[in-house]
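Subject: Structure for your review

Dear colleague,

Please find the structure below for your records. My findings follow it.

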Amino acid sequence: MRAWHFSETAYPYLPPADSYPSIRVSLPNRIYDPHKGAALYDRYIDEWLIAEDEGVEIMLNEHHQTATCVDPAAPLMLAALARLSKKARLLILGNPIANRRQPVRVAEEMAMIDVLSHGRLEAGFVRGVPYEILPANSNPVRMNERHWEALDLIVKAWTHRDGPFSHEGRFFHHRAINIWPRPYQQPHPPVWVSTTSPGGAAQVGAHGYVQATFLTGFDATRKVYDGYRRGWREAGRGHDVPIDRLAYAALVYVAQSEREAHAGAEKLLWYITSNKVPPHFANPPGYVPVAANVQILRGAENPLSAFGKRASVEGAIEAGIMFAGTPDQVMAQIKKHYDYVGGFGHLLIMGQAGFLEHEETVVGIRTFAREVYPRLKELYPDTLMSGVAAGATAAAS
Amino acid sequence: MTNNVKPVDDAVGSARVQTTTIKIAGIDLELFEAGQGPPLLWLHGGQGFHRNQEFVEPFAARRRLIVPSHPGFGKSSLPDWLDSPDDIAHVYLELLDRLDLDAVDLVGCSIGGWIAAELASKAPARVRRLVMVGPVGVKVGPADRLDIPDMFAMSQDDLSKLLFHDPARMKPDIARMSEEELTIMLRNRETLALLSWEPWMHNPKLKHRLHRIAAPALFVRGDSDGLVSADYLQGYARLLPNARTATIAAAGHAPHLEQPQAFAALALAFLDDQGAAGTAARRKQA
């Protein structure tokens, strides 16, 4: 099991939520104070480096036009971290390639960071949440098709060694692709893809890439992993799926006492409760299939947005989107989740959000790293396979 | 010619609407036909066509009304390669060939107006007279302001206020719609996004082609239309050599739906006007 400290570099100093219709896309940037923002960048980078000191890996992501994540050019932050850090793996999850006009440029950025970091890049690719559509002016229809054409092209650009090649595809056109530098890692950096649908996961599994899923709780995570394992097997990769192919992102806060842990965890809930977004930003036409939109019109609700309306630490733990408490409690929560979903080899830790202050964030990182992480690594060595019966891992404990 | 056709007859008032499917360029195109007379190709707007719509009857009484569901709308298929109104205009030129129609009256509503303008600019001789209803498709205003408000970046309630003079009467009643009707409505919306997303609601090339359309043209908008402004309509009409504008009272973006009788009277009078003189006299000066 490998753990990653994930920060969205949020800007939490906002007016009352009832004074704006959306925290994303349309929130005027006059609210953003660049001086406070600079101090926040310093602080969040410090926290990543503290996580590295504690043996935890580094993860970041990219969003646009939002106070929830002020990292609209994640490769820039990653380039800084590539020089400031020394040993941690550097996961960007990810590059929103369905919204980027030039996949070849993304291939160049990632190759450059891989070289700058002497081969520590883990290159993630995401379709992007729906609120990214408008900032990118990206067509929400046929995103998945664009995503996969771009990803295949990026991998080809990384691995092609013999001078220019051309690509005349459905969405992207290049006459002469010949990137410098090429990646440090051979044949290319590990590829991660996030998805929340079983069908999408099957596609990721067929490629053998690392599959990540965010805050999908118990049942949805199991369905995504089942999809991945099915895609993996159907592509002829063998029956066994190593756990290091699967990742789960949760809100995590660990402290010595339950009271202190829940106080920190309460602040982490900002990640969910602050996400005020109207339906027309959250569900542009074409982002989800027509059949899903029919169900939404008929009254079906996104489970996560439903949760946001009655968010509590207890509820989030119960839903499997948060691991919080004392080291023993968090171990038990992770184990329960691991067994239910069939096993995963990466825990992506949303370890800072909103008004969780620097000292509190560091307590959470250190307590996890010193008192939970060693036990996780022992219980779930990377040699385990995912999708075997829950009893097998229960026996191992 | 249409050997893969399965006709279905439906009585709409006095008009009988026949539904068929015709294969054009690999697309299964849903095609409605009603009435007899000179052929009129009707290109629907973003909400699609429904054969029960009230304007069908007055038009079918005087014309052979031909209404395809655009690819990706209604029950028409959407091929992978198709992503623009320009593509659809080519499909409809082939449709005219297949129906053996040399020249037609052409009515285009909203994005159907865009398709109509694309079609007419490619083959001006095939358009006898042109009616544009709340049309989109060109950019006439400044770069720092959307000509057409971003209908996908607002709530459905706010959009209804821009679309209709009387939203309470006109907006779809979700609770009463069948699964199939909802599916068509949402698929129409998705295809509309595909076609109009970027550049937003226009083809930058189109305005440099419209001068070829010599046919008399009537540009119509409802006076409560919140998407197509009076300035936009005038600016669009000025790009054609022989166009004039008109307004329909107590109607929004779809005057043919909100005021079907008034719209039919206006449009049919224009289409029936045989003399070029009358048109020229009222024509908007460029």
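Leaving aside neighbours within four places in sequence, Leu348(A) is in contact (C-beta atoms, placed from the backbone, within 7 Å) with Trp4(A), Phe6(A), Met59(A), Ala212(A), Ala247(A), Tyr248(A) and Ala249(A). This is a predicted model, in which local features need pLDDT of at least 70 and side-chain atom pairs count only at pLDDT 80 or more, while totals for chains, interfaces and linings use all residues. Residues are numbered from 1 along each chain as its sequence is written, and chains are lettered from A and ligands numbered from 1 in the order in which they are written.

Leu348(A) also belongs to the largest nonpolar core, of 115 residues, where Leu348(A), Ala249(A), Ala250(A), Val252(A), Met322(A), Ala324(A) and Met350(A) touch the most other members. Such a core is a set of buried Ala, Val, Leu, Ile, Met, Phe, Trp, Tyr and Cys residues joined through C-beta atoms within 7 Å; buried means that 20 or more other C-beta atoms lie within 10 Å of the residue's own, with C-beta atoms placed from the backbone. A second, separate core has 80 residues, including Trp114(B) and Leu271(B).

In chain B, 48% of the 286 residues count as buried. The C-alpha trace of chain B spans about 45 × 45 × 40 Å along its principal axes. Among chain B contacts between residues at least 6 apart in sequence, 72% join residues at least 24 apart.

Between the chains, 14 residues of chain A are in contact with 16 residues of chain B.

Yours sincerely

Technical notes: A residue is buried if 20 or more other C-beta atoms lie within 10 Å of its own, exposed if 12 or fewer, and partly exposed in between; C-beta atoms are placed from the backbone. Two residues are in contact if their C-beta atoms, placed from the backbone, lie within 7 Å.
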